Amino acid sequence: MTTPIHSDQNDHGHGPDHSHLGDMDVRVRALETLLVQKGYVDPAAIDRIVETYETKIGPHNGAAVVAKAWVDPTFRDWLAKDATAAITSLGFTGRQGEHMVAVFNTPDTHNMVVCTLCSCYPWPVLGLPPVWYKSAPYRAKAVMDPRGVLRDFGVELPAGTGFRVWDSTAEVRYLVIPMRPEHTEAMSEPELAALVTRNAMIGTGLASSPVSGPVQEQAQP
Ligand code: FE
């Protein structure tokens with residue numbers, strides 16, 4: 001389960017491709033209408049669930065995990081050994097986050113996450129997936145040309161950097177731990193978390209550089 005897709009077997013652990021979201025949307029809506037009409041569900045309860053995913057659950061959760069891993073070596077080790085437990089300890093748990101694996105970027109290796117068959121994604125730490133994550137071009141190109149995907153997102157890594165692509169499945173969801181940017185030694189955990197973008201945790205980006213401090217000073221004549 002912790003083998004990159006390059007050397008993985010074909011069994012994706014999904015069953016049939018369920019990427020036809022258009023049909024799915026229609027069916028979900030019809031089902032919701034029926035359940036509400038029959039009095040089985042309260043529309044306000046559904047609204048609360050949607051609102052939760054829009055406001056409380058999102059990439060800021062994953063960013064908190066990354067920032068803690070940057071400042072706390074014990075937590076980092078725990079995250080490497082048992083990401084599900086380490087992440088749960090911060091209160092981030094729930095559907096589509098039951099079996100988490102953290103993959104750590106290094107100067108030599110960049111990690112990227114894709115779901116080749118549909119849109120498996122770690123909801124408790126990243127919220128709902130962006131539209132491009134579910135697109136066929138991303139799903140195909142991430143496997144064949146991860147360096148090119150990163151370039152599409154405006155990031156060029158040194159030629160010697162290796163890439164590992166991880167296929168999220170119904171069983172395992174991956175979280176990329178980006179490298180900590182330089183000149184962030186004095187920053188607090190919340191300040192560090194603000195540098196961690198959603199794309200950095202999918203592997204289609206890097207953590208942001210701090211906008212103030214030594215970086216800016218270096219730019220002065
Ligand atoms: Fe999937």
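## An enclosed cavity

In this predicted model, the count comes to 1 cavity of 30 Å³ or more, where a cavity is a set of points, on a 1 Å grid over the protein atoms alone, at which a 1.4 Å probe fits but cannot get out. Rolling a probe the size of a water molecule over the atoms shows where empty space is left. The largest cavity has a volume of about 30 Å³, a volume being the space filled by probe spheres set on the grid points, which are joined across faces, edges and corners.

Its lining, meaning residues with an atom within 4 Å of a point, consists of V113, Y121, P122, L126, Y133, Y174, M201 and I202. By class, this lining has 8 nonpolar, no polar and no charged residues, with Ala, Val, Leu, Ile, Met, Phe, Trp, Tyr, Cys and Pro counted as nonpolar, Asp, Glu, Lys and Arg as charged, and the others, Gly among them, as polar.

## Basis of the model

Residues are numbered from 1 along each chain as its sequence is written, and side-chain values use heavy atoms, with hydrogens and water left out. Because this is a predicted model, local features need pLDDT of at least 70 and side-chain atom pairs count only at pLDDT 80 or more, while totals for chains, interfaces and linings use all residues.

## The fold as a whole

The protein has 11 helices and 4 strands, which are DSSP runs numbered from the N terminus (helices: H or I, at least four residues; strands: E, at least two). Of its 221 residues, 39% count as buried, where buried means under 20% relative accessible area, exposed over 50% and partly exposed in between, with a 1.4 Å probe and protein chains only. Among contacts (heavy atoms within 4.5 Å) between residues at least 6 apart in sequence, 72% join residues at least 24 apart.

## The nonpolar core

In soluble globular proteins, nonpolar side chains tend to be buried together. The largest nonpolar core here holds 51 residues, a nonpolar core being a set of buried Ala, Val, Leu, Ile, Met, Phe, Trp, Tyr and Cys residues joined through side-chain atoms within 4.5 Å. Of these members, V65, L79, I87, V125, Y138, L175 and I177 touch the most others, and helix α3, covering residues 59–71, gives the most to the core, with 6 residues.

L79 shows how such a residue is surrounded: leaving aside neighbours within four places in sequence, L79 is in contact with V65, A69, A86, I87, A102, F104 and I177.

H110 lies in strand β2, residues 109–114, and counts as buried because its relative accessible area is 3%. A polar atom of the H110 side chain lies 2.7 Å from the backbone oxygen of G203, a polar contact being a pair of N or O atoms within 3.5 Å in which, within protein, one must be able to donate a hydrogen and the other to accept it, while residues adjacent in sequence count only if both atoms are side-chain atoms. Beyond residues up to four places away in sequence, H110 touches several others, including N105, L150, T161, R164, G203 and L206.

T161 sits in the loop between α8 (146–152) and β3 (162–167) and, at 8% relative accessibility, counts as buried. Apart from neighbours within four places in sequence, T161 is in contact with P107, D108, T109, H110 and R147.

T84 is found in helix α5, residues 83–88, and counts as partly exposed because its relative accessibility is 21%. Although T84 and G97 are 13 residues apart in sequence, their C-alpha atoms are 7.5 Å apart in space. Not counting residues up to four places away, T84 touches G97, E98, H99 and M100, and a polar atom of its side chain lies 2.8 Å from the backbone nitrogen of M100.

Q96 lies in the loop between α5 and β1 (100–104) and is buried, with a relative accessible area of 16%. The phi of Q96 is near 65°, a positive value in a residue other than glycine.

## Two further loop residues

H183, in the loop between β4 (173–177) and α9 (189–193), has a positive phi of about 65° although it is not a glycine. At 26% relative accessibility, H183 counts as partly exposed.

S208 is found in the loop between α10 (198–202) and α11 (214–219) and is partly exposed at 29% relative accessibility. Leaving out residues up to four places away in sequence, S208 touches P181, L195 and T197.

Conventions: On a 1 Å grid over the protein atoms alone, a cavity is a set of points where a 1.4 Å probe fits but cannot get out, and a pocket is an open set with protein on both sides within 12 Å along at least five of seven lines; lining residues have an atom within 4 Å of a point.
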